[in-house]
Amino acid sequence: MTLRSGTPTQVLNSDLYQPLERTGRSGGSPFPGSRISVVVVAAEQLFALGLARLLREDECLDVVGVCDGDQDVLGLCVARSVDVVLIDLELSRANCIDIVRLLVSKCPSTRTLVLTSNPDRRVRLAMIAGASGVLLKDTSPEAIRAAVVSVHLGDQVLCSEATRWVLGEDPSAHLTQRDSDVLRLLAQGANNAEIARRLQIGQKTVRNYVSRLYRKFDLNNRAQLAAYLADANMAPGANRNALNGDPEASIAPTPVPDATDGR
């Protein structure tokens with residue numbers, strides 16, 4: 001994955017990271033005469049209001065709104081020319097990644113910081129969608145406030161726990177040809193029996209391939225896999241892995257007998 005060109009990426013350790021000190025400015029604020037406008041988007045009202053209160057303790061920051069992820073986010077950002085949106089990855093009424101993508105499209109000057117309790121594959125999708133960083137929800141208030149300033153100034157900020165997800169390889173880079181065939185049919189909504197019929201293999205073989213795909217993508221069920229494919233806008237191609245050196249990459253779908261084939 002390619003991060004925003006020319007943008008430094010800071011990896012935060014919440015125990016060690018300290019607020020940024022900007023030189024060449026007079027007074028306590030690095031933005032004399034104006035403040036960074038901020039919106040907090042979170043499903044849990046108590047968390048959102050608490051975070052807003054902590055942010056307001058910094059004289060550089062102006063929290064102009066708190067919401068739970070409905071359509072008010074875009075309207076608020078447009079109306080108030082919001083600088084930074086802190087958004088919970090685990091929203092209940094909306095999809096965090098969709099909101100990030102929408103804000104990048106409609107409000108290109110607005111930066112987004114994703115907050116999560118447990119980083120997973122979605123943080124990489126959020127960064128691909130255009131987020132400026134990922135922080136843990138239990139990051140210290142000082143570090144969160146400093147991160148808001150950083151992304152407003154054009155930096156990208158990652159907590160150390162999210163780094164392996166954001167900078168890791170795309171799981172689809174190691175799919176065999178048969179994996180890609182099964183994944184393509186799963187994305188189309190086919191069940192095991194339909195996949196077996198179309199690929200001319202046994203249902204037990206299909207189950208084995210599906211289980212392997214779950215492991216490769218670190219997922220637990222078809223719904224999660226479908227959501228991942230939709231978020232990543234992935235369309236497995238027949239020759240995606242032909243150059244990976246995988247011995248199965250050039251094998252076309254042919255009957256593979258197993259114990260369930262009845263042959």
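**Entry 1**

I take helices (H or I, at least four residues) and strands (E, at least two) as DSSP runs, numbered from the N terminus. Phi of S81 is near 50 degrees, a positive value in a residue other than glycine. S81 is exposed, with a relative accessible area of 53%. My cut-offs here are under 20% relative accessible area for buried, over 50% for exposed, and partly exposed in between (1.4 Å probe, protein chains only).

I then looked up Q200, in the loop between α8 (192–199) and α9 (203–217). Phi of Q200 is near 60 degrees, again a positive value in a residue other than glycine. Q200 is partly exposed, as its relative accessible area is 44%.

A note on ground rules: this is a predicted model, so I read local features at pLDDT of at least 70 and side-chain atom pairs at pLDDT 80 or more, while totals for chains, interfaces and linings use all residues. Residues are numbered from 1 along each chain as its sequence is written, and side-chain values use heavy atoms, with hydrogens and water left out.

**Entry 2: confidence**

How confident is the predictor, on average, over the protein chain? The chain averages a pLDDT of 77, and 72% of the residues score at least 70. pLDDT is the predictor's confidence in each residue, from 0 to 100. Over residues 1–9 the pLDDT is below 50, and beyond near neighbours in sequence this stretch has 21 contacts in the model. Contact means heavy atoms within 4.5 Å. Residues 235–263 also have a pLDDT below 50, with 52 contacts in the model beyond near neighbours in sequence. Where pLDDT is low, the predicted coordinates should not be read in detail.

**Entry 3: the chain as a whole**

I noted 10 helices and 7 strands in the protein chain. Of its 263 residues, 47% count as buried. I also looked at contacts between residues at least 6 apart in sequence: 74% of them join residues at least 24 apart. The accessible surface comes to about 13,200 Å², of which 48% belongs to carbon and sulfur atoms. That area is from the Shrake-Rupley method with a 1.4 Å probe; for residues, only the protein chains shown count as cover.

**Entry 4: strand β2**

Why is strand β2 (residues 36–41) largely enclosed by the rest of the structure? I found that 6 of its 6 residues are buried, so the rest of the structure largely encloses the strand. On one side I see I36, V38 and V40, on the other S37, V39 and V41, and all are buried.

β2 runs parallel to strand β3 (residues 61–67), and 6 bridges join the two. I count two strands as paired if DSSP finds at least two bridges between them. The bridge partner of I36 in β3 is L61. From β2 the chain crosses through helix α1 (residues 45–56) to β3, and this β-α-β crossover is right-handed. Right-handed means that, with the strands pointing away from the viewer, the path from the first strand over the helix to the second runs clockwise.

β2 is also joined to β4 by 4 bridges, and these two run parallel. Here V38 has V84 in β4 as its bridge partner.

Strand β5 (residues 111–116) pairs with β6 in the parallel sense over 4 bridges, and L115 has L135 in β6 as its bridge partner. The chain gets from β5 to β6 through helix α4 (residues 121–129) in a right-handed β-α-β crossover.

Next I checked β6 and strand β7 (residues 156–159), which pair in the parallel sense over 2 bridges. In β7, V157 is the bridge partner of G133. Which hand does the crossover from β6 to β7 have? This one, through helix α5 (residues 141–152), is left-handed.

**Entry 5: V151**

I stayed with helix α5 to look up V151. V151 is buried, at 0% relative accessible area. Its contacts, not counting residues up to four places away in sequence, are V84, R111, L113, S132 and V157. The C-alpha atoms of V151 and S132 are separated by 6.2 Å, although the two residues are 19 apart along the chain.

**Entry 6: cysteines**

My search of the whole structure for disulfides (a pair of cysteine sulfur atoms within 2.5 Å) found 0. C96 counts as buried at 3% relative accessibility, and C159 counts as buried at 2%.
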